[in-house]
Amino acid sequence: MMKRVTLMEIFEHHIAQKYVRRAGLAHAISAAYHAYKFSLEYGVNPDLATKAAFLHDIGHYTWYRNGQWDYNLYKENDIHAIKGAERAHKLLIRLDENPVAAKEIALAILLHTDSYLPEQGIQLEPLQKVVALADTVDEEPGGAHHYRKISDEKAKKMIQKLDDKIMEHLNKEKIKNQATMN
Ligand SMILES: [Fe+2]
């Protein structure tokens, strides 16, 4: 079996350092925690859900006019979910993530928001729903969640703790599966 790519490895990669920070590290971490919780509720793989949630805004761009965040400019031009899906995929492949997992994560990022999609909407898979939910519950009015601060020390501690929870969960699942196979 391939070694799991950890959230810590993702966090420490220079692509994440640049773009996850730009979109808000505190929001990325709390979205990952929400995704963990929802993934257990929906029976979704928490490894994929937390990675997608941590990286969901990695394609974020700041739409400013005259030094001010401009919602109309954003609404007209933003493709952060498309850019984010591609950027996250590239980062994951570079870290040697399983390519099927990287594709699922990228798709969940692509569909985490419907702000750029046609009106009818799309029927989301459970993983995609979990990631979209995790983002939504952490949002603040006026996009304030992108500017929430977190110290590097606290960020690392929280990421490590989440990695531990995921490993524990995956190990439990493995033991369960072995027991049913015997
Ligand atoms: Fe977000």
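I began with α8, where the buried residues are L127, Q128, V130, V131, A132, L133, A134, D135 and D138. Buried means that 20 or more other C-beta atoms lie within 10 Å of the residue's own; exposed means 12 or fewer, partly exposed is in between, and C-beta atoms are placed from the backbone. I note that this is a predicted model, in which local features need pLDDT of at least 70 and side-chain atom pairs count only at pLDDT 80 or more, while totals for chains, interfaces and linings use all residues. Residues are numbered from 1 along each chain as its sequence is written. Helices (H or I, at least four residues) and strands (E, at least two) are DSSP runs, numbered from the N terminus.

**α8**

I checked the length of α8 next. Its 13 residues, at 1.5 Å a residue, should span 18 Å, and the end C-alpha atoms are 19 Å apart, which agrees. The expected span is 1.5 Å times one less than the number of residues. Which helices cover the buried residues of α8? The cover includes α3, α4 and α7.

**H112**

I then looked up H112, which sits in the loop between α7 (99–110) and α8. Is H112 buried or exposed? H112 counts as buried because it has 28 C-beta neighbours inside 10 Å. Setting aside neighbours within four places in sequence, I found H112 in contact with H56, A81, V131, A132 and D135. Contact means that the C-beta atoms of two residues, placed from the backbone, lie within 7 Å. Among these partners, V131, A132 and D135 are also on the list of buried residues of α8. I also checked H112 against E173: they are 61 residues apart along the chain, and their C-alpha atoms are separated by 27 Å.

**α3**

I moved to α3 (residues 25–42). Its 18 residues should span 26 Å at 1.5 Å a residue; the end C-alpha atoms are 25 Å apart, which agrees. The buried residues of α3 are L25, H27, A28, I29, S30, A31, A32, H34, A35, Y36, F38 and S39. What covers them includes α1 (7–12), α2, α4 (46–55), α8 (126–138) and α9 (152–181). After α3 comes G43, with a positive phi near 65 degrees.

**α3 with α4**

How do α3 and α4 pass each other? Their axes come within 8 Å and cross at roughly 155 degrees. I take axes as lines fitted to C-alpha atoms, for helices over the stretch in contact, with angles from 0 to 180 degrees between N-to-C directions. That crossing makes α3 roughly antiparallel to α4. The cut-offs are under 35 degrees for roughly parallel, over 145 for roughly antiparallel, 65 to 115 for roughly perpendicular, and oblique for the rest. On the α3 side, the contact is made by A28, A31, A32, H34, A35, Y36, F38, S39 and L40; on the α4 side, by P46, A49, T50, A52, A53 and F54. Ala, Val, Leu, Ile, Met, Phe, Trp, Tyr, Cys and Pro count as nonpolar, Asp, Glu, Lys and Arg as charged, and the others, Gly among them, as polar. I looked at burial in α4 too: ten of its ten residues are buried.

**α3 with α9**

The axes of α3 and α9 come within 11 Å and cross at roughly 20 degrees. These two helices are therefore roughly parallel to each other. In this contact, L25, I29, A32, Y33 and Y36 of α3 meet A155, M158, I159, L162 and K165 of α9. The contact of α3 with α9 has nine nonpolar, no polar and one charged residues. I recall that an α-helix has 3.6 residues a turn, so residues three or four places apart point the same way.

**A16**

A16 lies in helix α2 (residues 14–23). A16 counts as buried because it has 22 C-beta neighbours inside 10 Å. Not counting residues up to four places away in sequence, A16 touches I10, F11 and L91.

I ended with two loop residues. N66 lies in the loop between β1 (64–65) and β2 (68–69). N66 has a positive phi of about 50 degrees although it is not a glycine. N66 is exposed, with 5 other C-beta atoms within 10 Å. D96 is in the loop between α6 (80–94) and α7. D96 is not a glycine either, yet has a positive phi of about 75 degrees. With 12 C-beta neighbours inside 10 Å, D96 counts as exposed.
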